[in-house]
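These are my notebook entries on a single protein model. I record below what I looked up, entry by entry.

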Amino acid sequence: MESFDYIVIGGGSAGSAVAGRLAVDGTRRVCLLEAGGRNDNVFIKTPGFMPFIPEKSNYKYETVPQKGLNGRTGYQPRGRGLGGSSAINAMVYIRGNRWDYDNWAAMGATGWGYDDVLPYFKRAEANERGDDDFHGAGGPLFVEDQKSANPASHAFVDAAAALQLRTNPDFNGERQEGFGLYQVTQRKGERWSAARAYVEPIRDSGNFAVRTDTLVEKLVIEAGRVTGVQIRRGGKSETLLARRGVVLSAGAFNSPQILMLSGIGPADHLKAHGIDVVLDRPAVGGNLQDHIDYVSGWETESDLLIGGTLKGTLRMAAAMVEHRLKRTGVMTTCYAEAGGFWTVMPDSPAPDVQWHFVPAVLEDHGREKVKAHGFSLHACVLRPESRGTVRLGSADAAAAPVIDPNFLDDERDMAVMRAGVRLSHRIAEAPPMQAFGPRDRHPVDLHDDAALDALIRARADTVYHPVGTCRMGSDAHAVVDPSLKLNGLEGLWVADASVMPKIVSGNTNAPSIMIGERCADFVMAAERA
C-alpha cells in the first residue's frame with residue numbers, strides 16, 4: 001500500500017487550495033485524488049468556450065422533481081477534473097457580504113467572522129489592481145478586470161444608474177451594494193482555475209502525487225480514526241494510507257456522498273443501502289442551500305450582442321483566431337459580464353438579490369440554442385430560506401447522489417424572487433437598454449402576482465451554488481467543528497462549500513478557495529499541537 005502524510009479528496013476550488021498549500025514547502029508527502037482528468041485543454045482555458053466545455057469535465061447532475069418548480073427536474077452542472085467547478089464556471093470573482101461571515105460566527109462558526117476570513121481572501125488573491133485594505137496582490141489566484149466587455153454590459157450598468165441605483169466598481173471592497181462589471185479569475189485572457197493557481201505549478205514536485213481519473217469509494221476508518229482512502233482506478237480497487245490525515249474536498253454533493261458511503265450519516269438511510277453505520281450523523285447531507293435563479297431574456301435587432309445568427313457565428317470564428325494569437329477579444333468573455341447586488345426587502349440585513357447580465361439570449365442553461373441576438377438578466381435569491389438534502393441513490397460510489405434542493409419551498413424566497421424579477425424589467429426598460437430595441441421573450445403582467453409566480457415556477461432553476469451539506473458549527477449536531485475537523489472521528493477534515501452553515505450572498509468559488517486556504521492552516525496547526 002502506498003502511504004502519504006495527507007490525502008486530499010477532490011481537486012476542485014477548495015481541494016486544490018488545501019493540497020497546494022500543504023505540499024508547496026516540500027516537507028509533507030501529499031496525494032491529491034481527483035475523479036476527473038487534468039482539464040488542461042483549449043476548451044477549459046479559453047473563457048469564451050464555456051458553452052462547449054467537454055462533457056467529461058461536467059458531472060451534469062440532475063435534481064429530483066421539484067414541487068416548487070411545477071415538478072420539473074433541475075439541472076446541476078458540477079465541475080469534474082482538476083479545478084472542479086472553477087474549471088467550468090463563469091469565472092466571476094465574488095466573496096459575499098461582510099454580514100455573511102459575521103452571521104456564521106453568530107451561528108456557532110467561531111473564528112469565521114469577516115475580519116477572520118478577509119486575510120485568507122487576500123492571501124489567495126493576485127488582483128491586478130494591487131494590494132490594499134481589501135485585496136491582495138501576491139497570491140496564486142489571478143483576478144483581473146475584463147478587457148473586452150460587450151457594449152451592452154456597460155449599458156446595463158448605465159441603465160441601473162439611470163434608476164438611481166448606485167454604481168459599484170468593487171463588489172469585494174468596502175461595500176457590496178450596487179451595479180458594475182465583475183472582476184474575473186483570469187490571467188492574460190485565459191481562465192485561471194484553482195488548479196492552475198495551486199496545483200499545476202508544483203504538480204511535478206517529488207512530494208506531491210496528483211492522481212486523476214481516480215474514484216474514491218470510501219474512507220478507511222480504524223479505531224475511531226481515518227487512516228486512508230479506498231479508491232478505484234483502472235477498474236481495480238486499492239487502498240492508500242494517510243499517516244497524518246485526510247481532507248475531504250469533494251463539494252456540496254460528493255462530500256456528503258463519500259461520508260455516507262463510509263458509514264457516516266443518517267443511520268436509517270445508511271442501513272437501507274446496506275452500509276454499516278460508523279457514526280450516526282443525521283446532519284450529513286442535510287441543510288442543502290442553493291441560489292434559485294430566474295433568467296429574463298430579450299431579443300434585439302442589434303448584432304453588437306452575442307448571438308446564434310450567421311453573422312454572430314462568423315464573428316465568433318474571427319474572435320477564436322484573435323484569442324489564439326493574442327489572448328484578447330470577445331473570446332475572453334465570462335458571459336456573466338456585469339451584475340449587481342441590491343436590497344429588495346425592507347428587513348434584509350444585506351443585499352438580498354444578485355443580478356448577472358449576459359450579452360446573449362440564454363434558455364435552459366444555454367443548452368437550448370437560440371438563433372437570435374439579445375441579452376439575459378439573471379436574478380437570484382441570495383439567502384434562501386428553503387432547505388434540501390443530498391442522499392445516496394446507491395451504495396456504488398460511481399452512482400450519482402440524489403439531490404433535492406427543495407427550491408421555492410419557503411414563500412419568503414418567492415417574495416424576494418418576485419421583487420428581483422420586477423427590478424430586472426425596470427432596468428431593461430431604462431433608456432440605455434432600450435437603445436438596443438429589446439423584445440421580451442417571456443412577457444408577463446408584472447403587476448399580477450399569480451401570473452408572475454407561475455412564470456417563475458415554470459422557468460427558474462439553480463445558478464450553480466450548492467452549499468451547506470456538511471455544516472460547520474459548535475453544537476453537537478454540526479458535521480464539522482470550526483477548525484473543519486469532523487466531529488466524532490480523528491484524522492479527517494472537510495473543506496469545501498459543504499461546510500458553510502448558511503449560503504453566502506454571492507458566487508461561491510472564491511469563498512470555497514478561502515475555506516481551502518484556512519483548512520491548510522488548521523491541518524498544519526494540528527501537526528504542531
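Which helix gives the largest share of the lining of the second largest pocket? I found that helix α10 (residues 411-428) supplies this share, with three residues. I worked on a predicted model, in which local features need pLDDT of at least 70 and side-chain atom pairs count only at pLDDT 80 or more, while totals for chains, interfaces and linings use all residues. Residues are numbered from 1 along each chain as its sequence is written, and side-chain values use heavy atoms, with hydrogens and water left out.

**Entry 1: the pocket.** I noted a volume of about 290 Å³ for the second largest pocket. Of its 13 lining residues, D347, S348, R383, E385 and V416 are the closest to the centre. On a 1 Å grid over the protein atoms alone, with a 1.4 Å probe, a pocket is an open set of points with protein on both sides within 12 Å along at least five of seven lines, and lining residues have an atom within 4 Å of a point. I sorted the lining by class into five nonpolar, one polar and seven charged residues. Asp, Glu, Lys and Arg count as charged, Ala, Val, Leu, Ile, Met, Phe, Trp, Tyr, Cys and Pro as nonpolar, and the others as polar.

**Entry 2: α10 and α12.** I then followed α10 to helix α12 (residues 449-459); their axes come within 10 Å and cross at roughly 100 degrees. That makes α10 roughly perpendicular to α12, a term for angles of 65 to 115 degrees. Axes are lines fitted to C-alpha atoms, and angles run from 0 to 180 degrees between N-to-C directions. The residues of this contact divide into five nonpolar, no polar and six charged.

**Entry 3: α4 and α13.** I looked up helix α4 (residues 114-124) and helix α13 (residues 509-528), which pack at about 100 degrees with axes 9 Å apart. Their contact has eight nonpolar, no polar and five charged residues.

**Entry 4: E177.** I located E177 in the loop between α5 (151-162) and β7 (178-181). Its side chain makes a polar contact (N or O atoms within 3.5 Å, one able to donate a hydrogen and the other to accept it) with the side chain of T343, at 3.3 Å.

Methods. Helix = DSSP H or I, 4+ residues; strand = E, 2+ residues; numbered from the N terminus. Points joined across faces, edges and corners; volume = space filled by probe spheres on them. Parallel < 35°, antiparallel > 145°, perpendicular 65-115°, else oblique.
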